[in-house]
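The sequence and the coordinates are shown first.

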Amino acid sequence: MQLLEENRCFGGLHRRYRIESRELSGSTVVAVFLPPSALDGQRVPALYWLSGLTCTDQNVMQKSGVQRLAARLGLAVVAPDTSPRGEGVPTDPDGGWDLGQGAGFYVDASAPPWNRHYRMHSYVTEELPELLERELPLLPLRGISGHSMGGHGALICALRHPGRYASVSAFAPIAHPGACPWGRKALGAYLGADPAAWRGWDACTLLQDGQRATGPDGGLLPLLVDQGLADGFLEEQLRPADLEAAAAAAGQPLELRRQPGYDHSYFFIASFIDDHLHHHARALLNQPLP
């Protein structure tokens, strides 16, 4: 882990590291916010935040205000990049922003040329926590959240790995990627043209196929999802009603909050990030809402 920068923030530290990743076959950057309690020698739980299309680790750290309450609660925040990057890493040959670099979709690609580098799922769920829990004062107690493509990532990480996370939430997730243009383009490239190969990477079809989000104790995890009703991507790309129906049919607890007037931006995320932190704190820190 190579420390790139460090900033004092709400009594804690925001750091950016460059690491060499075996899953991504190259170097990548991750941001970590350590609360004051971690600097005093305590090991703390971590909330993993997965960002959306075109974003990097810096979006949530600079725009959401997540550090203020995380510092008070004693919760670390980990923000990986959204894809592998660098020379030799393939990207959309047509120059699009919804495939390739900046658009890893948190899957493990199986189709060439993507399958060498685009293994964001295994990187996020296995390699990165293993490294950070060894090198930093982080407990093996994790929550996961994210926005848009990252909300999709958070949901599938929790559904595909029972017991790995103690809490999960999402902002405006791409809830049914197999049924929307962004998802069909990305999954078709990374996993091949057969939609049957996509089912394990789609929150709605995972629920339909019997997967549930469960915590370390085996109990079902309540999903918290916020969706702005003024979001321009709401109907065509995000499809929250599909997630609502799939969760209800599967018996998966879901609180889907439809927020009038809010769009897809970080203004929306900043408005409700404290609610999500409290949602994660109830599981990770055993702290109720104030």
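## Packing of α3 and α10

In this predicted model, helix α3 passes α10 in a right-handed crossing. The axes of α3 (residues 66–73) and α10 come within 9 Å and cross at roughly 30 degrees, which makes α3 roughly parallel to α10, because angles under 35 degrees count as such. On the α3 side the contact is made by Val-66, Arg-68, Leu-69, Ala-70 and Leu-73, and on the α10 side by Ile-273, Asp-274, Leu-277, His-278 and Ala-281.

## The sheet and the helices upon it

The chain forms an open sheet of nine strands in the order β1-β2-β3-β5-β4-β6-β7-β8-β9, and the pairing within this sheet is mixed. Its edges are β1 (2–9) and β9 (254–259), each of which pairs on one side only, and neighbouring strands are turned against each other by 20 degrees on average, direction ignored.

Helix α9 (residues 240–250) lies across β8 (223–228) and β9, running at about 155 degrees to β9. Helix α10 (residues 266–284) also packs on the sheet, where it touches β4 (44–50), β6 (138–146), β7 (167–171), β8 and β9, and its direction makes about 170 degrees with that of β7.

## Strand β5 and the pairing around it

Strands of a sheet pair through backbone hydrogen bonds, either parallel or antiparallel. Strand β2 (residues 12–21) runs antiparallel to β3 (residues 26–34), and nine bridges join the two; within this pairing, Arg-16 has Ala-31 of β3 as its bridge partner. Strand β3 is in turn joined to β5 by four bridges, again in the antiparallel sense, with Val-78 of β5 as the bridge partner of Val-32. The pairing of β4 with β5, by contrast, is parallel and extends over three bridges, and here Ala-46 stands opposite Ala-76 in β5.

Strand β5 is mostly covered, five of its five residues being buried. Both of its faces are covered, with Ala-76, Val-78 and Pro-80 buried on one side and Val-77 and Ala-79 buried on the other.

Asp-57 is found in the loop between β4 and α2 (58–63). Its relative accessible area is 2%, so Asp-57 is buried, and its side chain makes a polar contact of 2.8 Å with the side chain of Arg-16. Leaving aside neighbours within four places in sequence, Asp-57 is in contact with Arg-16, Val-29 and Ala-31, and also with Ala-79, Pro-80 and Asp-81.

Glu-127 has its place in helix α4 (residues 120–135), and with a relative accessible area of 8% it is likewise buried. A polar contact of 2.8 Å joins the side chain of Glu-127 to that of Ser-21. When neighbours within four places in sequence are again left aside, the contacts of Glu-127 are Glu-20, Ser-21, Arg-22, Glu-23 and Ser-122.

## An exposed proline

Pro-112 lies in the loop between β5 (76–80) and α4. Its relative accessible area is 65%, and Pro-112 is therefore exposed, the cut-off for this class being over 50%.

Terms used. Residues are numbered from 1 along each chain as its sequence is written. This is a predicted model: local features need pLDDT of at least 70, side-chain atom pairs count only at pLDDT 80 or more; totals for chains, interfaces and linings use all residues. Side-chain values use heavy atoms; hydrogens and water are left out. Two strands pair if DSSP finds at least two bridges between them. Axes are lines fitted to C-alpha atoms, for helices over the stretch in contact, and angles run from 0 to 180 degrees between N-to-C directions. Contact means heavy atoms within 4.5 Å. Buried means under 20% relative accessible area, exposed over 50%, partly exposed in between (1.4 Å probe, protein chains only). A polar contact is a pair of N or O atoms within 3.5 Å; within protein, one must be able to donate a hydrogen and the other to accept it, and residues adjacent in sequence count only if both atoms are side-chain atoms. Angles under 35 degrees count as roughly parallel, over 145 as roughly antiparallel, 65 to 115 as roughly perpendicular and the rest as oblique. A crossing is left-handed if the near helix is turned anticlockwise from the far one by less than a right angle, and right-handed if clockwise.
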